[in-house]
Amino acid sequence: MKIVIQRVKNASVLIDNKIYSSINEGLLVLFGAQKGDKKEFCEVLADKILNLRIFSDENGKMNLSLKNIKGEILVVSQFTLASDCKKGLRPSFDNAEIPNIANGLYEYFTEKLRKSGLSVKTGIFGAHMEISLVNNGPVTFILEKNNGHS
């Protein structure tokens, strides 16, 4: 499982030229499921995202979590995170989980985030989406969970 998180001032998802969802201060979370991913990975990564201290305190130091600032979350499925670009010039998506399993993991992950009580918005799994954001920092992190490693 690969996840990219970006600390944002705001972010939104457009589908068919209409705003589908939007957030203010918080995290844009791009979610990519890979073959062999498990629900347990979703639990570990959701907990990490909620508690990762990447927001600035009164002294400008990264000491506050998303939960501390009561930030919002926008979760967007992005199968291209599972791509392999090591060979040739066309990415391979062989490692991406099949859609019905990937969607189940995406929904499970999103539900785990919602249990925090924070505002969680999403895109639509498998839809063509346009993502807009103002990255605050810029601050971007990549989280991975596979074969018992994170």
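Modeller: Let's start with the aromatic pairs: the structure holds 4 of them. Rings of Phe, Tyr and Trp (its six-membered ring) pair if their centres lie within 6.5 Å, and planes under 30 degrees apart count as stacked, over 60 as edge-to-face and the rest as tilted. Tyr106 and Phe125 make a tilted pair, with 5.9 Å from centre to centre and 45 degrees between the planes. This pair ties together distant parts of the chain, as Tyr106 sits in helix α3 and Phe125 in the loop between β7 and β8 (130-144), 19 residues apart. Those element names come from DSSP runs, numbered from the N terminus: helices are H or I with at least four residues, strands are E with at least two.

Keep in mind that this is a predicted model, where local features need pLDDT of at least 70 and side-chain atom pairs count only at pLDDT 80 or more, while totals for chains, interfaces and linings use all residues. Residues are numbered from 1 along each chain as its sequence is written, and side-chain values use heavy atoms, with hydrogens and water left out.

How hidden are the two rings' residues? Tyr106 is buried at 4% relative accessibility, whereas Phe125 is partly exposed at 30%. Here buried means under 20% relative accessible area, exposed over 50%, and partly exposed in between (1.4 Å probe, protein chains only). Both residues also belong to one aromatic cluster with Phe31 and Phe109.

Phe31 and Phe109 turn up again in the largest nonpolar core, which has 26 residues; together with Ile3, they have the most contacts inside it. Such a core is a set of buried Ala, Val, Leu, Ile, Met, Phe, Trp, Tyr and Cys residues joined through side-chain atoms within 4.5 Å. At least two residues of this core come from each of β1 (2-15), β3 (26-32), α1 (39-51), β6 (72-77) and α3. Helix α1 gives the largest share, 6 residues. Another core lies apart from this one, with 12 residues, including Leu74 and Met129.

Thr122 is buried at 15% relative accessibility. Beyond its neighbours within four places in sequence, Thr122 is in contact (heavy atoms within 4.5 Å) with residues including Tyr106, Thr110 and Leu74. For contrast, look at Lys115 in the loop between α3 (99-114) and β7 (120-122): Lys115 is exposed, at 60% relative accessible area.
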